[in-house]
Amino acid sequence: MHGLEVWLDRVNQFVWGPPLLILLVGTGIFLTIRLGLLQVLRLPLALKLIFTAKNDGKGDVTSFGALATALAATIGTGNIVGVATAIQIGGPGALFWMWLAAFFGMATKYAEGLLAVKFRKIDANGQVSGGPMYYIEQGLGAKFKPLAIYFSISGVLVALFGIGTLPQVNAIVSSSESSLGIPVAVTAGVVTLAVALVTIGGLKSIARVTTKVVPVMALVYVAASGIVLIAFSDKIPNALSLVFQSAFSATAAGGGFLGATVMMAIRSGIARGVFSNESGLGSAPIAAAAAKVKWPAEQGLVSMTGTFIDTIIICTLTGLTLIVTGAWNGTAEGAAMTQAAFDAAMPFGSLVLMVCLVLFAFTTILGWNYYGERCIVYLFGVRAILPYRIAFIVMVAAGAFIKLQSIYFLSDIVNGLMALPNLVALLGLSGVVVAETRLYLRHMKQ
């Protein structure tokens, strides 16, 4: 690694050290206990609400529109490139730690969605604004406003330099170049123009695109991954066994993967899991706040399904395809590793993956444009929206020309910085979450 990458790696290891990992998973465990395993007992209701929510409250988009926007931001390169990177660094055991983080992360995501609706506000343009910056200031009290400002600054950094732009654009251009031979500059120009056309219209424009694209792209990817797993179905039991064994013991293998300690598996699995499903990060509640729901807990349940769909379903499919095909043990990195897995089972595997990757990454860019915008509005008011959108579009264009490893180090760092104030707020407001949950469940019984 060059000097910059070495420095970023050191900062990344510090940020994602044991304290943050314990706080992240510990918050999920704490909320799981206080909510009585809500992510298990109320999951059927949550999945049902995706399609049956009444949308009878104040908001800018439907409950499904808010979920689609959140899923657009979460289902991205983390599900393809991120999983591949996690398994390459931490071995197959990283997938287990993704599952564990996602299980407890569902309770975290529920609390985030609930609090976002509970403490949302209307901005000067008449649009709904909500998210951690608002429930930190209003829920914890005005003396915690510096923490809300810190979160908002971190949110803008993630949007401009983290999940929102650099990894997504880099994945699109590298995939299109390797699969179709399209020059990087051409792809970067097309993506930048498309992002500009959609994001200038704001949340409603973004929601119109995501509610149509997200379900289709998810189904296509699930079907394609299913074909790979069917072709290698005899290797699935051994793959699952390897995941559990590697989660608790050092693993050694040939090829590009030389070895992984348990700590590497834990750190890469949880960090990449959060990169993918964003539970605890504080991003999804920004979209959840705009939902037309009356009951905060109702949107909390809908938001919770985002983590289930993103990690328990889609990341699992990616991880298993990498393991059963043996692609994880090769020399390819990032998207190329997943392409190798798809190519092993179908004639046009690389092309199918490229289409999925482009859709995943493009919708993630759209979702994070909105997240960063709401953070900017909190910091500087609606007058800052246009300058922010211009800066965001510039970063989309720049993302095509930055190295992959540096991108993921930088993304992980700003993700960790954003998560800290949100997790503090979730712990401090857990009593509000429990009270609102009881109120909603009492209403449902009546």
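Start with the salt bridges: the count comes to three, where a salt bridge is a side-chain nitrogen of Lys or Arg within 4 Å of a carboxyl oxygen of Asp or Glu. This is a predicted model, so keep in mind that local features need pLDDT of at least 70 and side-chain atom pairs count only at pLDDT 80 or more, while totals for chains, interfaces and linings use all residues. Residues are numbered from 1 along each chain as its sequence is written, and side-chain values use heavy atoms, with hydrogens and water left out.

Take Lys118 and Glu436 to begin with. They form a salt bridge whose closest N and O atoms are 2.8 Å apart. Lys118 lies in helix 7 (residues 93–118) and Glu436 in helix 21 (residues 430–445), so this pair ties together parts that are 318 residues apart in sequence. Helices here are DSSP runs of H or I with at least four residues, numbered from the N terminus. How covered are the two partners? Lys118 counts as partly exposed because its relative accessibility is 38%, whereas Glu436 counts as buried at 10%. The cut-offs are under 20% relative accessible area for buried, over 50% for exposed, and partly exposed in between, with a 1.4 Å probe and protein chains only.

The other salt bridges meet at one residue: Glu373, Arg374 and Arg389 are linked in a network. Arg374 pairs with Glu373, with the closest N and O atoms 3.1 Å apart, and both residues are buried. Arg389 also bridges to Glu373, here with 2.8 Å between the closest N and O atoms. That pair links distant parts of the chain, with Arg389 in helix 19 (residues 385–398) and Glu373 in helix 18 (residues 349–380), 16 residues apart. Arg389 is buried, as is Glu373.

Leu180, Phe348, Leu351, Val355 and Leu359 make a nonpolar patch of about 450 Å². To join such a patch, residues need over 30% relative accessible area and no salt bridge, with nonpolar side chains (Val, Leu, Ile, Met, Phe, Trp, Tyr) joined within 5 Å and like charges within 9 Å. The areas come from the Shrake-Rupley method with a 1.4 Å probe, and for residues only the protein chains shown count as cover. Helix 18 gives the most to the patch, with three residues, while Leu180 is found in helix 10 (residues 166–180).

Now for the empty space. Rolling a probe the size of a water molecule over the atoms shows where such space is left. On a 1 Å grid over the protein atoms alone, a cavity is a set of points where a 1.4 Å probe fits but cannot get out, and a pocket is an open set with protein on both sides within 12 Å along at least five of seven lines; lining residues have an atom within 4 Å of a point. Grid points are joined across faces, edges and corners, and a volume is the space filled by probe spheres set on the points.

The structure holds two cavities of 30 Å³ or more. The largest has about 80 Å³ of space, and its lining includes Leu24, Phe104, Thr108 and Asn277. Helix 2, helix 7 and helix 14 (262–277) each give two or more residues to this lining, and helix 7, the one that carries Lys118, gives the most, with four. By class, the lining has five nonpolar, five polar and no charged residues. For these classes, Ala, Val, Leu, Ile, Met, Phe, Trp, Tyr, Cys and Pro count as nonpolar, Asp, Glu, Lys and Arg as charged, and the others, Gly among them, as polar.

The second largest cavity has about 70 Å³ of space. Its lining divides into six nonpolar, four polar and one charged, and among the residues there are Leu71, Lys109 and Gln299. Helix 5 supplies the largest share, five residues.

Finally, look at the second largest pocket, with a volume of about 320 Å³. Which residues lie nearest its centre? They are Phe51, Leu71, Pro215, Ala218 and Ile309. Helix 4 (43–52), helix 5 (63–74), helix 12 (202–231) and helix 16 (296–324) each supply at least two lining residues, and helix 12 gives the most, with five. The lining is made up of 15 nonpolar residues, with no polar and no charged ones.
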